[in-house]
Amino acid sequence: MKPIDALKEFRLGACYYPEHWPESLWEDDFRRMRELHFSIVRVAEFAWSIFEPQEGVFSFDLFDRALDLAHKHGLKVIIGTPTATPPAWLTHKYPEVLNVTQDGVTLQHGLRRHYNYSSTKYRELSAIITRQMAEHYKDHPAVIGWQIDNEFNCEISEFYAPADHDAFRAWLQEKYGTLDKLNAAWGTVFWSQTYTDWEQVFLPRPTPAHKQPNPHQALDEKRFISDNTISYAKVQGDILREVASHQWVTTNGLFGHLDSHRMNDELLDFFSYDSYPQFSTLNDSKGEENPLADRSWSQKLGVVRSISPNFAIMEQQSGPGGWVNRMDMPSPKPGQMRLWTYQSIAHGANMVLYFRWRTATFGNEIYWHGINDYHNRPNRRVREAGQIGSELALAGNRIAASAFKADVALLRDYDNDWDGEYDIWHGPFAWQSAASWFKALNRRHIPSDTLYVRSSTTIEDLKRYKVLIYPHPAIMRDETAALLEQYAREGGIIIFGCRTGYKNEHGHAYMRPFPGAAAGLCGISVEEFTMVKGTRAATSMKWNGGDEALTGADAFNEILYVEDDSVEVVATYASDYYAGKPAVTRNAFGEGEAWYFGAVFNDASAGQIIDRLGLAAPTASWLSLPPDVELAIREGEDGPLFFLLNYSEQPAVITLDVEKTDLLTGSTLSGTISLEGFGVVVLS
Ligand code: GAL
């Protein structure tokens with residue numbers, strides 16, 4: 001992986017909003033940031049009405065004074081372009097820039113992200129403000145980089161303004177050329193949907209019965225939104241490159257309907273993410289036995305790493321989060337903010353900025369707490385940030401010279417992510433299986449990556465891993481299958497779950513036995529299949545050999561039929577009319593092997609496969625860790641760094657059979673040690 005120049009030096013800092021505070025506070029804020037060893041602030045990403053109070057009238061005074069003071073105190077600055085928040089004068093004068101819901105309701109001024117990417121007027125006004133800001137700050141000594149907009153597709157990732165329908169039509173004309181090809185790709189002969197004039201073609205609009213669109217149109221809609229978002233971002237990216245070529249460019253967030261990999265490759269120096277692990281108390285792991293909770297954020301950080309091997313955390317949670325009427329999160333306990341900071345770093349962050357320096361006293365986010373409280377007196381979170389700052393002042397650059405290392409990867413791709421949003425015959429399975437695999441590996445201290453299968457993916461990308469798990473790739477092009485075959489032939493191990501390989505890139509079913517494109521690789525076919533839900537009782541499978549363990553055969557069952565002699569049956573169904581029929585198979589393929597698992601994975605079945613493959617923690621020979629402690633490994637020229645992260649409030653007992661140094665404290669560790677609740681050590 002190519003090292004990212006902009007991230008060579010480790011940086012810690014905070015998001016700062018000078019426009020929210022009396023100017024008399026600024027200098028003291030910057031001074032105290034330096035005391036905490038902060039070296040960077042991000043500013044301005046929502047400040048359009050300050051920079052351009054009236055159309056064509058620009059004002060930089062407030063930020064000039066703030067940036068000069070930041071510079072005086074030795075802080076570097078990231079400037080956000082403010083296009084996530086078009087001002088009132090703009091949306092009032094040019095209402096065509098506003099976003100519209102599928103039902104035709106215009107989303108008005110009053111929150112943020114109320115614009116659409118297709119309006120030529122909005123693109124023009126965005127280009128003007130970006131150019132003005134870039135020209136003004138291109139030589140400012142404190143400014144080192146730019147954030148384009150803020151969190152593309154957060155809040156809302158669907159767009160139905162008139163300009164969006166027009167842009168979609170133009171995108172389809174470019175993609176398909178003729179209406180015949182569009183009709184074929186969308187299968188419009190079904191239910192007499194055939195288009196005879198381009199003017200009849202729209203983004204999905206409300207339809208009878210739960211607004212269900214044509215599924216192939218729904219898939220193209222997401223591809224369009226992604227391309228349209230990137231082309232909007234490019235307007236700004238191109239200006240920043242042209243005007244401020246010696247400053248770097250990034251953007252933050254990881255949201256729906258956006259190929260962040262392509263955006264990063266085409267527009268950015270590196271990717272940035274906003275990490276709020278406390279969302280796990282709201283959305284994740286509902287009803288799950290023994291959930292990973294905040295540790296599940298490590299899986300999201302793995303997705304960020306797949307975009308950009310090292311990255312920035314532009315917003316790191318630094319207090320309880322909450323808007324006035326929603327997202328009521330608990331406060332991080334003592335040590336938890338530090339744990340989350342090192343979670344980000346362990347997974348590849350070389351820059352971390354806390355959101356935010358001080359909690360806002362007005363607006364929708366008065367409960368989204370920063371490090372400092374409204375009263376601005378020293379508090380526990382400020383002290384914790386100071387501890388982290390001192391540690392990273394010593395250890396940061398050594399860490400920054402390394403990157404995360406894993407031998408196992410979970411595969412994903414945008415086609416299946418997007419098709420699976422609408423298609424409940426595979427989409428929901430992907431989430432359960434990916435979470436189960438991540439959990440099973442993580443609790444066994446086997447670091448894993450996420451790898452997106454893209455048209456640019458090469459055999460070298462795949463061969464970096466010993467094992468690949470591609471849980472339910474319903475859409476599989478034959479070229480992808482050929483690449484995966486090459487991977488197995490050359491010694492790789494690939495594992496699929498049910499619903500693999502049966503759709504083409506438009507989302508049409510192949511007229512082939514399942515698993516369609518992956519049939520040759522797996523050496524099996526699917527005799528019969530069923531959803532397992534409703535009146536159908538839960539089913540199970542029995543694993544051959546050893547203790548003949550039983551695990552749940554969740555959600556969807558495919559009865560497998562062995563086609564090739566090279567296939568071994570690893571588990572059979574243990575219930576229902578197909579008891580005794582193959583449920584899991586393993587095909588010897590070239591130097592490697594392909595597994596087929598006929599159901600949706602759960603923690604226990606992923607664990608069975610991990611054990612059968614003999615996968616173990618890379619540190620198994622010298623380190624013993626309890627399941628509550630995560631192991632992450634970053635490797636650099638100075639050797640590996642082993643991050644041990646204790647997500648439990650209770651101390652964890654760890655045994656080292658060799659002597660290691662904790663990079664954060666300099667202390668020597670060996671034998672049995674107790675890692676405090678929420679504690680972190682970095683062994684070198
Ligand atoms: C992020 C956003 C920030 C702030 C934060 C807390 O999504 O970028 O501006 O809103 O969440 O809600």
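His-445 is buried, at 8% relative accessibility (buried means under 20% relative accessible area, exposed over 50%, and partly exposed in between, with a 1.4 Å probe and protein chains only). The place of His-445 is the loop between helix H15 (427–443) and strand S11, and its phi is near 65 degrees, a positive value in a residue other than glycine. Helices (H or I, at least four residues) and strands (E, at least two) are DSSP runs, numbered from the N terminus.

This is a predicted model, in which local features need pLDDT of at least 70 and side-chain atom pairs count only at pLDDT 80 or more, while totals for chains, interfaces and linings use all residues. Residues are numbered from 1 along each chain as its sequence is written, and side-chain values use heavy atoms, with hydrogens and water left out.

**Backbone geometry**

- His-37 also has a positive phi, of about 70 degrees, although it is not a glycine.
- His-37 lies in the loop between helix H1 (23–35) and strand S2, and is partly exposed with a relative accessible area of 39%.
- The peptide bond from Phe-355 to Arg-356 is cis, with omega near 0 degrees; Arg-356 sits in the loop between strand S8 (349–355) and helix H13 (380–400).
- Phe-514 and Pro-515 are also joined by a cis peptide bond, with omega about 0 degrees.
- Pro-515 is placed in the loop between strand S13 (493–496) and helix H18 (519–522).

**Enclosed elements**

- Strand S3 (residues 76–80) has four of its five residues buried, so the strand is largely enclosed by the rest of the structure.
- Strand S2 (residues 40–43) pairs with S3 in the parallel sense over four bridges; two strands pair if DSSP finds at least two bridges between them.
- Within that pairing, Val-43 has Ile-79 of S3 as its bridge partner.
- S3 also pairs with strand S4 (residues 143–147), in the parallel sense and over four bridges, and here Gly-80 has Gln-147 of S4 as its bridge partner.
- Helix H11 (residues 297–307) is largely enclosed by the rest of the structure, because nine of its 11 residues are buried.
- The buried residues of H11 include Trp-297, Leu-301, Val-304, Arg-305 and Ile-307.

- His-165 belongs to helix H6 (residues 162–176) and is buried, with a relative accessible area of 11%.
- The side chain of His-165 reaches the backbone nitrogen of Leu-203 at 3.1 Å.
- Leaving aside neighbours within four places in sequence, His-165 is in contact with Tyr-160, Phe-202, Leu-203 and Arg-205, where contact means heavy atoms within 4.5 Å.
- Arg-454 is placed in the loop between strand S11 (448–452) and helix H16 (459–463) and counts as partly exposed at 24% relative accessibility.
- Not counting residues up to four places away in sequence, Arg-454 touches His-261, Arg-262 and Asp-265.
- Arg-454 and Asp-415 are 39 residues apart along the chain, and their C-alpha atoms are separated by 9.3 Å.

**Salt bridges**

- The structure holds 47 salt bridges, each a side-chain nitrogen of Lys or Arg within 4 Å of a carboxyl oxygen of Asp or Glu.
- Asp-28 and Arg-31 form a salt bridge through their side chains (2.4 Å, N to O); both lie in helix H1, three residues apart, about one turn of the helix.
- Asp-28 is partly exposed at 27% relative accessibility, and Arg-31 is partly exposed at 36%.
- A network of salt bridges links Asp-28, Asp-29, Arg-31, Arg-32, Glu-35 and Arg-358.
- The side chains of Glu-124 and Lys-121 meet in a salt bridge of 3.0 Å, N to O.
- Glu-124 is partly exposed, with a relative accessible area of 40%, whereas Lys-121 is buried at 18% relative accessibility.
- Another salt bridge joins the side chains of Asp-269 and Arg-241 (2.8 Å, N to O).
- Asp-269 lies in the loop between helix H10 (260–267) and strand S6 (272–275) and Arg-241 in helix H9 (residues 215–243), so this pair ties together parts that are 28 residues apart in sequence.
- Asp-269 counts as partly exposed at 32% relative accessibility, and Arg-241 counts as partly exposed at 33%.

Technical notes:
Polar contact = N/O pair within 3.5 Å; in protein donor to acceptor, adjacent residues only side chain to side chain.
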